[in-house]
Amino acid sequence: MANYTQMATEIIEAVGGASNVTKVIHCITRLRFTLKDKDKADTAKVEAIPGVAGAVYNQGLNQYQVVIGQAVEDVYDEVVEQLGDSVVDQEATQAALAETGGGKGGSRNPFVHAFQVVIGTITGSMIPIIGLLAAGGMINGLLNIFIKGNGLLNWIDPNSPTKVIISTMAMAPFYFLPVLVGFSAAKQLAPKDNTLPYIGAAIGGFMIDPNLNPLTQATIATSAKGVMSVVPAPSAVAHLFGVTFNTSYFGIPVNLPSYAYSIFPVIVAVAIAKPLNAWLKKKLPLALRPIFQPMITFFVASSIVLLLVGPVISTISSALSNVIDFVLGLNLGIAGIIVGGFYQCLVIFGLHWLVVPLISQQLAATGTSSLNMIVSFTMLAQGTGALAVFFKTRKTDIKGLALPAAISAFCGVTEPAMYGINLKYSRVFIMSSIGAAVGAGVAGFMNLQMFGFSGSLIGFPNFISNPLTHAHPAGNLATFWIASIICMVVAFALVWMFGYKDSDVMGAGVEKKNAFKDAVAK
């Protein structure tokens, strides 16, 4: 339904008319009305409206809730358009979204609630970009099929301008992800602030400006066990907690990581910029506001991220490098279970890019990377989780998002599956991660070797031969397919049984109510 005007009109009329509505907010699936007289609402009439999945009065919240599903925001916008801004409560809406962002509702545990708010903000900021990321992932996957030397179609020279252009085109949405997310996060966090999205995009642009590259170059150190770790120290200024601060800002030592491909730092920046921008709007004279409001917000938010977020990320990255070093030094099967199970958690906060230099050095030194082998199964499992949702759901809008996301993950790009489906319905992410742990564990115990960068299904040629030694390990490709099938079967089965239900979208109360109606009808 492209136009929700008629639907909104009918809902307003069915809940007692505009004069009966004092406030309306929405969560991830429901319109929530605060009514002057709840008895004026005609539930039968509401549920008869096309596009409405059900209606229920929540006594505890004193809300009349109309279940819409994924289109709830569009319907909400139309309701507000007809009723006016007096019914809007943006803070209550954001709270409701945060509480329901994880599936069937929020938690009263403050730590769990805080995590739900973070995940809800991340997924809400990423959803408008998902299609673009999926497109880039699929273009890159198709390019790998056509490149000579991969053992497939062998049409495009890997050193040709055509390969460089297409590869750059495919990866552009990922490299410029901080810019896109900066814009999207601002619209998510402050939908009525027309200036903040452009400030957010500018902060993202600052983070990936090539002029900062000399300050973000990393070197590689090798541990006693032969495992490489990242040492971001082109020019040491200070050392703290194992982190080398590589530059300074107003004389303050700063560690400046590479922010390309990251999302969490720019979301933090926008969260900092939002209240500052609102405060400046109230305090600055109208004549000064057009210039000084964005200038001060942009400078302060960017500086805070530079001084605080970068060092925190680098400190965490250093600790994670040591953890990965330790785990890989144990046993490849055990490492597969541990790293495979938790790796995609790094993707949520953009910390997964810390392993790229490690993988690069492993491949350059030996032609094989045990770490990338494990990462490959995490991509495969997240794609399988999205695929399971595609087959299980009866909702066409979720199907339309889940299938491209799954294909993108099978091409080696998990962000569309992660942010479009799996994190949004958190049990899908958890079950998929268990599948990744099983698949990577099996591969590790079978001593699977990987000889290239591209992972997931599209990366199967990288399990054939070592480009440095030209060795063809007997049964290595067969081991890849065995472990992949096990990974996909486990992830698919777990998501199907425990990870996703359409009631996560519609609301469990409505599902039970409709089941009761069906029983009575029979």
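1. Glutamate 81 belongs to helix 3, which spans residues 72-83; helices here are DSSP runs of H or I with at least four residues, strands are runs of E with at least two, and both are numbered from the N terminus. With a relative accessibility of 64%, glutamate 81 is classed as exposed. The classes are buried for under 20% relative accessible area, exposed for over 50%, and partly exposed in between, with a 1.4 Å probe and protein chains only.

2. The model is a predicted one, in which local features need pLDDT of at least 70 and side-chain atom pairs count only at pLDDT 80 or more, while totals for chains, interfaces and linings use all residues. Residues are numbered from 1 along each chain as its sequence is written, and side-chain values use heavy atoms, with hydrogens and water left out.

3. Glu81 is one of the members of a negatively charged surface patch, together with Glu73, Asp74, Asp77 and Asp85. A patch takes residues with over 30% relative accessible area and no salt bridge, joining like charges within 9 Å and nonpolar side chains (Val, Leu, Ile, Met, Phe, Trp, Tyr) within 5 Å. Asp and Glu count as negative and Lys and Arg as positive, whereas His and the chain ends are not counted; each charge is placed at NZ of Lys, CZ of Arg, CG of Asp or CD of Glu.

4. A nonpolar surface patch is formed by Phe326, Leu330, Ile334, Ile337, Ile338, Phe342 and Phe445, and together they have about 690 Å² of accessible area (Shrake-Rupley method, 1.4 Å probe, with only the protein chains shown counting as cover for residues). The most is given by helix 12 (residues 332-348), with four residues. Isoleucine 337 lies in helix 12 and is partly exposed at 40% relative accessibility.

5. How many salt bridges does the count come to? The count is three, where a salt bridge is a side-chain nitrogen of Lys or Arg within 4 Å of a carboxyl oxygen of Asp or Glu. In one of them, lysine 45 pairs with glutamate 13, with 3.1 Å between the closest N and O atoms. Lysine 45 is in helix 2 (residues 43-47) and glutamate 13 in helix 1 (residues 5-14), so this pair ties together parts 32 residues apart in sequence.

6. Aspartate 89 and lysine 23 also meet in a salt bridge, at 3.5 Å from N to O. Because aspartate 89 sits in the loop between helix 3 and helix 4 (90-100) and lysine 23 in strand 1 (residues 21-26), the pair ties together parts that are 66 residues apart in sequence. Aspartate 89 is partly exposed at 25%, and lysine 23 is partly exposed at 28%.

7. Aspartate 39 and lysine 38 form a salt bridge with their closest N and O atoms 3.4 Å apart. Aspartate 39 is exposed, with a relative accessible area of 61%; lysine 38 is partly exposed, at 37%.

8. Is methionine 379 buried or exposed? Its relative accessibility of 15% makes methionine 379 buried, and the residue lies in helix 14 (residues 370-392). Beyond its neighbours within four places in sequence, methionine 379 contacts Gln344, Ala409, Gly412, Thr414, Gly455 and Ser456, a contact being heavy atoms within 4.5 Å.

9. For the protein chain as a whole, the secondary structure comes to 20 helices and ten strands. Of its 522 residues, 48% are buried.
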